[in-house]
Amino acid sequence: MDIIATRLSDFCHSCSVRNRAICGGLHDDEIALLNNIGRRRTLRAGEQLSWEGDEAVLVANVIDGVLKLSTLTSDGREQILGLSYSSDFLGRPFGQTTPYDVEALTDAQVCVFQRAEFDRFAREHPQLEHKLLERTLTELDRTRKWMLMLGRMNAEQKLASFLLELSSRLAPGDCSSDDDALQSIELPLSRQQIADVLGLTIETVSRQIAKFRRDGLIDAPSRRQVTILDREKLEDRAVC
């Protein structure tokens, strides 16, 4: 157990998202204790992490990759509720059931904790509870912006906002440099999935991508790749 804990602790100290994840505010001794109840897990694209309505047995930190949160509508269609990126927290601490399906869109790596053990650890470490509250409020703000996008924006604004969100979440940090202005994005969603997320048709998404290309805002070398050529003008198109 000591050898395993040491290896996990070494991994945590070199983790690229530690400062942005919920464990970022913990001291080294607290990290070591958290490592004792956690384990790393690799997910392949298409692999499910949890299922809506099941008992909430685990929570997780996303280390790398993109995962989708989804539910089934009354007529059996999938509705994507949101995406999770590196440093995001998954699961429902102190909850009894899982509120949505979680599936890896790309190969991903997560730190997984048994929910009951994580709950107990959080109660004993107020700093972690504080981070959980901060993360909850951040997710609430994102949800409100998402509702604004779906309810008030037109197709052009929706797609521009979506591409900008992807670019910032897949490459966190300052996106104003010349290198970032030409950022290439590997799209984790198909165009049909993008259409479903934005409440559009796939034809509308394809038309808007073609329009952005003609206007010199983006390039789309393939159906799964977009390069932002003019971030400032794309931001102008996203304004509601």
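Modeller: Gladly; I will begin with the open sheet and then move to the helices and loops around it.

A word on the ground rules: this is a predicted model, with local features needing pLDDT of at least 70 and side-chain atom pairs counted only at pLDDT 80 or more, while totals for chains, interfaces and linings use all residues. Residues are numbered from 1 along each chain as its sequence is written, and side-chain values use heavy atoms, without hydrogens or water.

The open sheet has 4 strands in the order β1-β8-β3-β6, paired in the antiparallel sense. Helices (H or I, at least four residues) and strands (E, at least two) are DSSP runs numbered from the N terminus, and two strands pair if DSSP finds at least two bridges between them. At the edges stand β1 (38–43) and β6, each with a single partner strand, so one side of each has no neighbour in the sheet. Inside this order, β3 (residues 58–64) and β8 (residues 108–114) run antiparallel and are joined by 6 bridges. One place to look is Asn61, whose bridge partner in β8 is Cys111.

Helix α3 packs on this sheet and touches β3, β6 and β8, its direction making about 75° with that of β8. Touching here is contact, meaning heavy atoms within 4.5 Å; axes are lines fitted to C-alpha atoms, for helices over the stretch in contact, with angles from 0 to 180 degrees between N-to-C directions.

From there, turn to the next helix. Helix α3 (residues 115–124) packs with α4 at an angle of about 110°, the two axes being 5 Å apart. That makes the two helices roughly perpendicular, a label for angles of 65 to 115 degrees (under 35 counts as roughly parallel, over 145 as roughly antiparallel, the rest as oblique). On the α3 side the contact is made by Phe118, Phe121, Ala122, Arg123 and Glu124, and on the α4 side by Pro126, Leu128, Glu129 and Leu132. By class there are 6 nonpolar, no polar and 3 charged residues, where Ala, Val, Leu, Ile, Met, Phe, Trp, Tyr, Cys and Pro count as nonpolar, Asp, Glu, Lys and Arg as charged, and the others, Gly among them, as polar.

Lys131 also lies in α4 (residues 126–152). With a relative accessible area of 22%, Lys131 is partly exposed; buried is under 20%, exposed over 50%, and partly exposed in between (1.4 Å probe, protein chains only). Leaving aside neighbours within four places in sequence, Lys131 is in contact with Ile22 and Gly25.

In the loop between β5 and β6 (89–90) you will find Ser87, which is buried at a relative accessible area of 7%. Phi of Ser87 is near 85°, a positive value in a residue other than glycine. In the loop between β6 and β7 (101–104) sits Phe94, partly exposed at 37% relative accessible area. Phi of Phe94 is near 65°, again positive in a residue other than glycine.

Finally, β5 itself (residues 78–84) pairs with β4 (residues 67–72) in the antiparallel sense over 6 bridges. Thr71 stands opposite Gln79 in β5. This hairpin has 5 residues between its strands, and Gly76 takes a positive phi near 90°.
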